[in-house]
Amino acid sequence: MIKRTIRKVAVLGSGVMGSRIACHFANIGVEVLLLDIAPNQLNEAETAKKLLLDSPEVKNRIVNDALAFALKSSPSPVYHVNVAKLIKTGNFTDDMPKIAAVDWIIEVVVERVDIKQQIFEQVEKFRKPGTLITSNTSGIPIHLMTEGRSEDFAAHFCGTHFFNPPRYLRLLEIIPTPKTNSEVIDFLMHYGDLYLGKTTVLCKDTPAFIANRIGVFSILALFHAVKKMNFTVEEVDKLTGPALGRPKSATFRTTDVVGLDTLVNVAKGLKANCLNDERKELFDLPDYVSKINENKWLGDKTGQGFYKKVKLENGKSEILALDLNTLEYRTQQKAKFATLEAAKPIEKLSERYKVLIKGKDKAGEFYREMFYGLFAYVANRIPEISDNIYQIDEAMKAGFGWEAGPFESWDFIGFNEAISAMETENASLPVWLKEMQAAGNQSFYKIENGKKLCYDIASKTYKSIPGYEDFIILDNIRSSKTVWKNAGATVFDLGDGVLNLEFHTKMNSIGTEVLQGIQKAIEIGEKDFRGLVIGNDGPNFSAGANLAMVFMMAVEQEWEEIDFSIRAFQNTVMRIRYSGIPVVTAPHGLTLGGGCEMNLHADKVVAAAETYIGLVEFGVGLIPAGGGSKEFALRLSDNFKDGEILLPSLREKFLTIGQAKVSTSAAEAFDLGILRKGHDVVVLNQNRLIAEAKRAVLEIADAGYTKPVMRKDVKVLGRSGLGMVYAGANTMFSGHYISEHDKKISEKLGYVLCGGDLSAPTEVSEQYLLDLEREAFLSLCGEKKTLERIQSILTSGKVLRN
């Protein structure tokens, strides 16, 4: 294989996708040349400045405006503001020769094959032989784009379909042509996975490829069913969101975000190009969807779609829903179904599906129509769009955010049961499926020896899924490698002398069972193993401590119980820090409050790029008391300059906790002082997280791990620091920027960070600081305002931010 290194890429086209693809390459440290067309006329501002069309400021206006808009968008396309410095802009007229210096050229211009071919004609003039050249088209046949191009161009060309937004949606579809070198395909599959953090799926050059073909079919089928079954917008979004393990935006809200016009364009493309599709009638839009599209009610981009945000007379905002019968907006109606209520307590998705599909009400009827229609459709797409079952599932999970792909969902509901139900409805099923069933197979997937196998249609056997050998997936080893478990945690043997502790409470909140699990995992590890990983495969690492438990004890004034609970938490995080084996944490998603404190005490943190971590206790009227305040004081001490703590550093640490700052990425967590530069690491592909954490444990163990000694040399400022904290809090209170209660919390936090009312800078022990933070926490638990804040969060259903 040719050794390739990607140091610089050129992105041709700076629209919504192009600018954000450029941002994501910058996220991973790659230099980017972002080009677009030069304007053909001046705008008002340029005319007023008496600029000319050939002025650099004018020529790069389109690309610069597009990039600036992307960088200001929310959620942000970049991990850190500084990565934007890696992106240089230019225009096709002046700067196309610069592509000779890049390693990969990505075309992202308008979806017209003639325009793309014009761009490629220009590219061919300057591209050096062997340079990768790909198109981000979402539907134009890939092979059409190489017409008239050189042999070297065609050999290094294929489709690379990113999903929007590229930073957050993990799917990257790789679509080769018959002329694409196999080395190019292998490289892009590997690079997308390891470096871009993507789930790379190899696709055939068919209309809309895999994810959009299945996803748009699913949405259109639902659009038709909605009218037939007389559902409301709110009911459908209630039925097709988290209850199914799918995004909260569900169906209609997702359409508003993406844009109805985008969906309509894909549907038209499928209708025109999928003439042999057995369900092609669904590609004709229902009348109400056509009318909404004609009205330009396209969603967020036009200010209204299936939902519309309006300002009320009292100044507040309300989100109205569209009545699909009258096409008028009205106040949202609460959706409630007996089937959903029955399934609500069931955490495990595979078990929840069994309840949903058997529902006796309107919701159950909806699920049966939706699931069985989807199952028949995906079965018939093999071998048209893919030869492999797992590729369809991987594409839908990574591209549409489904927790389970169509074939995995089929397994949940029951392989034979679903086939029987579809046959009852006279659904057309493919020969390969009937042969698979006749051979006695009863599922598309199965677990053997800790590995997930998928049915291979060609060989009629079960085979391992390519790429999975680099992942550690806990569900796959649950039945064979569990060492210990309780109601809130499970300890696994990962092999090579490494354990893994998984939390599995709601939102992975930290209560008695989780603390017990940590202690037990370390105890087992110290006896028979080399190290421990704390990580899980859920949506979040941990939303923090069980806030409801703290609230109940505070209301009952059970101060001794609260004190005992805090001590137990502190003892556990200190056990992580001072165990006889290396402990590596693997955070991802929400990592708040107590979850953050665990990471602060690990020997090393291997964080997913999408880690949102912070100490958020201040927001509920408390301070971190699970070692978080202590650890910030310790890190402040370790950053002494010439033996002195700088007051600006104290202010920075204070504000990180006092403003309950949460990083929007792992990269930002370094700025907050939560992750340690040069020590902790970031992993782009979350599927690799636990495997990378295991590797880190072994590296530490192999280097000769020695149990650390508890610190007694933490230097704190005492009164000299307190003066600054108290003065600042008083100024903020006097200026009406904070409440009297916030002032009190600020003073408590400052008291801990400064080591209390000491007359001079002094060295103290970690235990001394733990005692201070626990005492401060206890005193704040008794405050009426604190209890009101906690109750407000609990009743609102917001994330338990500690």
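**Exercise 1. Identify the partner of Lys309 in β10, and describe the strands that β10 joins.**

Solution. Step 1: Ile319 of β10 is the bridge partner of Lys309. The model under study is predicted.

Step 1: The pairing involves β9 (residues 307-311) and β10 (residues 317-322), which are antiparallel and share five bridges.

Step 2: These two strands make a hairpin with five residues between them, and Gly315 in the turn has a positive phi of about 95°.

Step 3: β10 is also joined antiparallel to β11 (residues 329-330), here by two bridges. Tyr329 in β11 is the residue opposite Leu322.

Step 4: Six residues lie between the strands of the β10 and β11 hairpin, where Leu327 adopts a positive phi near 55°.

**Exercise 2. Determine which residues of α20 are buried and how they are arranged about the helix axis.**

Solution. Step 1: In helix α20 (residues 431-438), the buried residues are Trp432, Leu433 and Met436.

Step 1: Viewed down the axis of α20, these buried residues fall within an arc of 100°, so they line one face of the helix.

Step 2: An α-helix has 3.6 residues a turn, so residues three or four places apart point the same way.

Step 3: The exposed residues Val431 and Ala438 are carried on the face turned away from the buried side of α20.

Step 4: The buried residues of α20 pack against several elements, including α16 (362-380), α17 (389-400), α18 (406-413) and β13 (451-456).

Step 5: Just after α20, Gly440 has a positive phi of about 90°.

**Exercise 3. Describe the nonpolar cores and the residues that they include.**

Solution. Step 1: The largest nonpolar core has 118 residues, of which Phe306, Tyr367 and Trp410 touch the most other members.

Step 1: Helix α16 gives the most to this core, contributing 12 residues.

Step 2: A second core of 55 residues is separate, and includes Cys596, Phe670, Leu758 and Ile790.

Step 3: The general background is that nonpolar side chains tend to be buried together in soluble globular proteins.

**Exercise 4. Give the strand order of the eight-stranded sheet, and locate the helices α6 and α17 against its strands.**

Solution. Step 1: The eight strands form an open sheet of mixed pairing, in the order β3-β2-β1-β4-β5-β6-β7-β8.

Step 1: β3 (87-91) and β8 (199-202) are the edge strands, each pairing on one side only.

Step 2: On average, neighbouring strands of this sheet are turned by 25° against each other, direction ignored.

Step 3: Within the sheet, β6 (residues 157-162) and β7 (residues 171-176) pair antiparallel over five bridges. Phe162 stands opposite Leu172 in β7.

Step 4: Helix α6 (residues 113-126) lies across β1 (8-12), β4 (104-107), β5 (132-135) and β6, and runs at about 170° to β5.

Step 5: α17 packs on the sheet through contacts with β7 and β8, and its direction makes about 140° with that of β8.

Methods: Residues numbered from 1 in each chain as written. Predicted model: local features only at pLDDT ≥ 70, side-chain atom pairs only at ≥ 80, totals over all residues. Heavy atoms only, no water. Buried < 20%, exposed > 50% of the residue type's maximum accessible area, 1.4 Å probe, protein only. Helix = DSSP H or I, 4+ residues; strand = E, 2+ residues; numbered from the N terminus. Arc of directions from axis to C-beta. Contact = heavy atoms within 4.5 Å. Pairing = 2+ DSSP bridges. Core = buried A, V, L, I, M, F, W, Y, C linked by side-chain atoms within 4.5 Å. Axes fitted to C-alpha atoms, helices over the stretch in contact; angles between N-to-C directions.
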